[in-house]
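I opened the notebook to record what I looked up, one item at a time.

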Amino acid sequence: MVVPYHGSGTSGPLGRFVRDAMSHAWSPGEVARLALRNRPDTAPPSELAWLLASGSTYAEQVGLDVAAGLVPGCPDADMKLVLATAVADEAKHSAVFHAYARAVGGSVEEPGDAVEELSRDLWSLDDHTARFIAHTLAEGFAADEFHWFERGLAADGLGEIYRLVRRDESRHVALGMSYLTRGPGADRLRRLPGSLLLASEQIVLRHTDVEALGSLVHRLVPEADAARVAEWFRVRHETRMRVLTNVRGDGHEPLRRRKPTI
Ligand SMILES: [Fe+2]
Ligand SMILES: [Fe+2]
């Protein structure tokens, strides 16, 4: 049974994150307008910026959909708090990318099949904890991508938007990892069959091409070597997985067979 939230997390790390979320409010339309007005370049934003903003519009909607879908089945008040802040943020993220893409290109590019497939795969995880883990791992990759987009899309004004969005995504990942490594969240992670933890990870990796990300980052930030950036993404993901498997500390058979490759 879910207990109403009346401050159980406010004094710990969760409370700190939630206060940060509440104090960091911004308006999507206003942010998109200012980002375009204040950009350092006089040339029109690139087509790539329009395409990335369009893609992010839909990717953020997948995040919103999954986070919102997890709220009703939350097994405890802390997890509900974690997800509620994410739902509010993802709606804002999708709106700001939509506003930017519309302002730059007059419309938003149609979503590709990959978005629908990602959504379908995430929803295919019936277990609440497993889907929460997949959501958190996917957000980890998103936050890492945005680290480079912030730098590589500064001239288009889109970098400033990714900077703000990344701040939220980093908080979502920290909140998710904090939940999964403490108290009832850690208990749930320990009880989760190893095969389901692996299935959660595999779904995220199926939709993450780190080599393609490395190439994209190199295109945006020419001094960044594509292969090294791809490795950076791998290492960051492996670190998150290590934190989760360390909490379990059980050496489940599927986890022993797990190969740390993408
Ligand atoms: Fe987001
Ligand atoms: Fe997020």
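**Entry 1: helix α11.** The model is predicted, and I kept that in mind throughout. I began with the buried residues of α11 and listed V229, A230, F233, H237, R240 and L244. An α-helix has 3.6 residues a turn, so residues three or four places apart point the same way. Next I looked up what covers the buried residues of α11, and the cover includes α6 (128–152), α7 (158–180), α8 (183–191), α9 (194–206) and α10 (210–220).

I then checked the length of α11. It runs over residues 226–248, which is 23 residues, and at 1.5 Å a residue it should span 33 Å. The end C-alpha atoms of α11 are 34 Å apart, so the two values agree. After α11 comes G249, and I noted its positive phi, near 50°.

**Entry 2: the whole chain.** I stepped back and counted twelve helices and zero strands in the protein chain. Written along the sequence, the pattern is α-α-α-α-α-α-α-α-α-α-α-α. The protein chain has 262 residues, and 42% of them are buried. I also looked up the contacts with a separation of 6 or more: residues 24 or more positions apart account for 78% of them.

**Entry 3: α4 against α7.** How do the axes of α4 and α7 cross? I found that they come within 10 Å and cross at roughly 165°. An angle over 145 degrees counts as roughly antiparallel, so that is what α4 is to α7. The crossing of α4 past α7 is left-handed. On the α4 side the contact is made by D78, M79, V82, A86, D89, H93, V96 and Y100. On the α7 side I listed L158, I161, V165, D168, H172, L175, G176 and Y179. Sorted by class, this contact of α4 with α7 has ten nonpolar, three polar and three charged residues.

Helix α4 covers residues 77–105. Its 29 residues should span 42 Å at 1.5 Å a residue, and its end C-alpha atoms are 42 Å apart, which agrees. Just after α4 I found G106, with a positive phi of about 80°.

**Entry 4: α6 against α7.** I looked up the packing of α6 and α7 and found an angle of about 150°, with the axes 8 Å apart. The two helices are therefore roughly antiparallel to each other. The crossing of α6 and α7 is left-handed. By class, I noted eleven nonpolar, eight polar and six charged residues in the contact of α6 with α7.

**Entry 5: V173.** I picked one residue of α7, V173. Is V173 buried or exposed? V173 has 21 other C-beta atoms within 10 Å, and 20 or more is the cut-off, so V173 is buried. Leaving aside neighbours within four places in sequence, V173 is in contact with T136, E139, G140 and A143. I checked one of these, A143: V173 and A143 are 30 residues apart in sequence, and 8.1 Å apart in space from C-alpha to C-alpha.

**Entry 6: α2 against α7.** Last, I looked up α2 (residues 28–37), whose axis comes within 8 Å of that of α7 and crosses it at roughly 140°. The two helices are therefore oblique to each other. V31, A32 and A35 in α2 meet L158, E160, I161 and L164 in α7. I sorted the residues of this contact into six nonpolar, no polar and one charged.

Note on methods: Residues are numbered from 1 along each chain as its sequence is written. Chains are lettered from A and ligands numbered from 1 in the order in which they are written. This is a predicted model: local features need pLDDT of at least 70, side-chain atom pairs count only at pLDDT 80 or more; totals for chains, interfaces and linings use all residues. Helices (H or I, at least four residues) and strands (E, at least two) are DSSP runs, numbered from the N terminus. The expected span of a helix is 1.5 Å times one less than its number of residues. A residue is buried if 20 or more other C-beta atoms lie within 10 Å of its own, exposed if 12 or fewer, and partly exposed in between; C-beta atoms are placed from the backbone. Two residues are in contact if their C-beta atoms, placed from the backbone, lie within 7 Å. Axes are lines fitted to C-alpha atoms, for helices over the stretch in contact, and angles run from 0 to 180 degrees between N-to-C directions. Angles under 35 degrees count as roughly parallel, over 145 as roughly antiparallel, 65 to 115 as roughly perpendicular and the rest as oblique. A crossing is left-handed if the near helix is turned anticlockwise from the far one by less than a right angle, and right-handed if clockwise. Ala, Val, Leu, Ile, Met, Phe, Trp, Tyr, Cys and Pro count as nonpolar, Asp, Glu, Lys and Arg as charged, and the others, Gly among them, as polar.
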